[in-house]
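Let us work through a set of questions and answers about how the parts of a protein model touch one another.

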Amino acid sequence: MRRRAGVGAIQKQKLEQEKYKDKGTSIQENQLEQLSQHLNTFRDKLESFASEYKNEIKKDAQFRRHFQEMCASIGVDPLASRKGFWSLLGMGDFYYELSVQIVEVCLATNYKNGGLILLDELRTRLVKSRGKSLQHQDITNEDLLAAAKKLKIFGNGFSIIPIGQGQYLVQSIPGELSLDHSLVLQQVASKNEAHISVSVLNNELNWSTERAQHALDFMVQEGYAWIDTQSPQEHLYWFPSLFTECMNAEKETI
Amino acid sequence: MSDVQWPWQYNFPPFFTLQPNEETRKKQLEAWRDLVLEYHKKTKTCIIDIQEADNTALFFNPAISRKLSPEGINAVLEVLYKNGNAEPIDKTKIRWYIYWHTLAEWADIFYQHAQENGLINSVCTLYELVNTPDKEFTGLSEEIVIKILERLQKDEKAELILTEDTSGVKFF
C-alpha cells in the first residue's frame with residue numbers, strides 16, 4: 001500500500017527549502033561583501049598607482065599602452081567616466097582631446113577621401129597639428145583607437161574598420177558598412193594598389209559578379225570609391241583613402 | 001610647363017572619368033577647375049580648343065594612359081564659366097577663353113598697375129603693356145588684354161585706341 005504524502009512531509013520540505021534559501025542569501029551577502037572589499041582595495045591600489053604614475057602615463061606612450069592593456073584585461077575602462085576617480089588622473093581629458101583632434105582631421109580631409117582615412121595617415125596629420133614637444137608627438141595608434149572608440153557615442157557616424165595586417169580605416173560619415181563592404185576594403189588594402197575590380201572579387205573571395213558589382217556600386221554611391229572606366233580590361237574602383245599620393249597630399253595643414 | 005604643380009589627382013586614374021556620384025563629381029570638377037587655372041597661369045595660355053584639348057598635357061596624362069573625355073572637358077568648362085573663369089569665344093563653343101583671373105580681377109590688376117606706374121592720363125601701346133617685365137600679365141594674349149581694357153573702358157577708367165597695326169590705351 002502506497003503511503004500518501006502527509007502534510008508533515010510537505011511542511012518539512014518547505015522548511016528545508018527556506019533554510020537553504022536563508023543560507024544561500026547569507027553566503028551570497030558574505031561573498032558580495034568580500035568582493036566589494038576586494039574591489040575597494042583594488043580601486044584604491046589602482047587609483048594610487050594611476051596618480052603616482054600620472055605623468056608617466058600621459059607622457060610615455062609605451063607606458064600608457066601597458067597601463068591600458070592592464071586595465072582592459074581586468075575589464076576596467078579608464079575612459080568610461082570623467083566623474084569617477086579617473087578624473088583626478090586626467091586620462092579622460094587626454095583621450096577626449098585626442099577624439100576632438102581626430103574629428104578635426106577627419107573633417108579636414110573629408111573633401112578628398114570621402115570620409116575614410118587610414119589610421120596611419122590620421123596619425124601623421126594629427127601629430128603634425130599638435131604641439132612640437134615630444135609629449136605631443138608621442139601618440140600611438142593604440143591611443144587613437146582608444147580615443148576613436150569614444151566617438152561611437154555619436155552613433156554610426158564614426159567607426160573603425162579593421163582591414164587586416166594591423167591596419168585600420170576610420171570612417172567619419174554616417175552609414176553603416178556591411179561585412180561585404182569591409183571585405184572589399186580589406187581586399188583593396190591587401191593588394192596595396194588602392195583599386196579593385198569585379199573580377200578580383202570573383203577570384204579572391206569567390207563572389208558572384210552581382211554580389212561584387214553590388215558592393216562596388218555601393219562604395220561609389222557612398223563616395224568612398226571613384227570609378228575608372230579607362231582601364232583596358234574592366235572598370236576599376238579606386239579608393240582615394242588608400243591612394244598614397246592622396247594620403248601625402250598637402251593642401252590643408254591638418 | 002614643368003612649373004605646373006600637378007595635384008595628386010592628376011595621377012589618380014579615375015580623375016579622368018567623370019564620376020557618377022554627385023558629391024564626388026563636385027569635388028572632381030573643383031579639382032579640375034583649380035588645375036585648369038593653374039595650368040594656364042603657368043603656361044601663360046588663355047585658350048582651350050575642345051577638339052585638340054584631349055591631347056594636351058592638361059587633359060591627357062600619358063604616364064597612366066588616362067584622358068578626360070570631351071564630355072568631361074565640357075563639364076569642367078561649364079564650372080569655369082559659372083565662376084567667370086572661362087568664356088566661349090563664339091557660339092560653336094569649341095574654343096574657349098580661360099581667365100585664371102576673372103576679367104574683373106584682371107581689370108583691377110591693370111588699373112592698379114597704371115596707377116602705380118604713372119600711366120594715368122598718358123597713352124601706352126598694348127605691346128608695351130604686355131611686355132612690362134615680371135608682371136602677372138606679362139605675355140598675356142592681346143585678345144584677352146583688349147577684353148580687359150574694354151571692361152575698364154565701360155567703367156570710364158580707360159579708353160582703348162584700336163588701329164590696324166598698333167593699338168593703345170589711355171588710363172584715366
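**Contacts within and between chains**

Student: How many residues of domain 1 of chain A are in contact with domain 2 of chain A?

Tutor: This is a predicted model, and in it chain A is divided into domain 1, covering 35–175, and domain 2, covering 177–249. Domain 2 of chain A brings 16 residues to the contact, while domain 1 of chain A brings 20 residues.

Student: How many salt bridges are counted between domain 1 of chain A and domain 2 of chain A?

Tutor: Between these two domains of chain A there are five residue pairs in polar contact, where both residues have pLDDT 80 or more. A salt bridge needs a side-chain nitrogen of Lys or Arg within 4 Å of a carboxyl oxygen of Asp or Glu, and the count between domain 1 and domain 2 of chain A is zero.

Student: Which side chains meet in a salt bridge between chain B and chain A?

Tutor: The contact between the chains takes 24 residues from chain A and 18 residues from chain B, and the rule finds one salt bridge across this interface. With N to O at 2.8 Å, the side chains that meet there are those of Asp228(A) and Arg66(B).

Notes. Residues numbered from 1 in each chain as written. Chains lettered and ligands numbered in written order. Predicted model: local features only at pLDDT ≥ 70, side-chain atom pairs only at ≥ 80, totals over all residues. Heavy atoms only, no water. Domains from an automatic or database assignment. Contact = heavy atoms within 4.5 Å. Polar contact = N/O pair within 3.5 Å; in protein donor to acceptor, adjacent residues only side chain to side chain.
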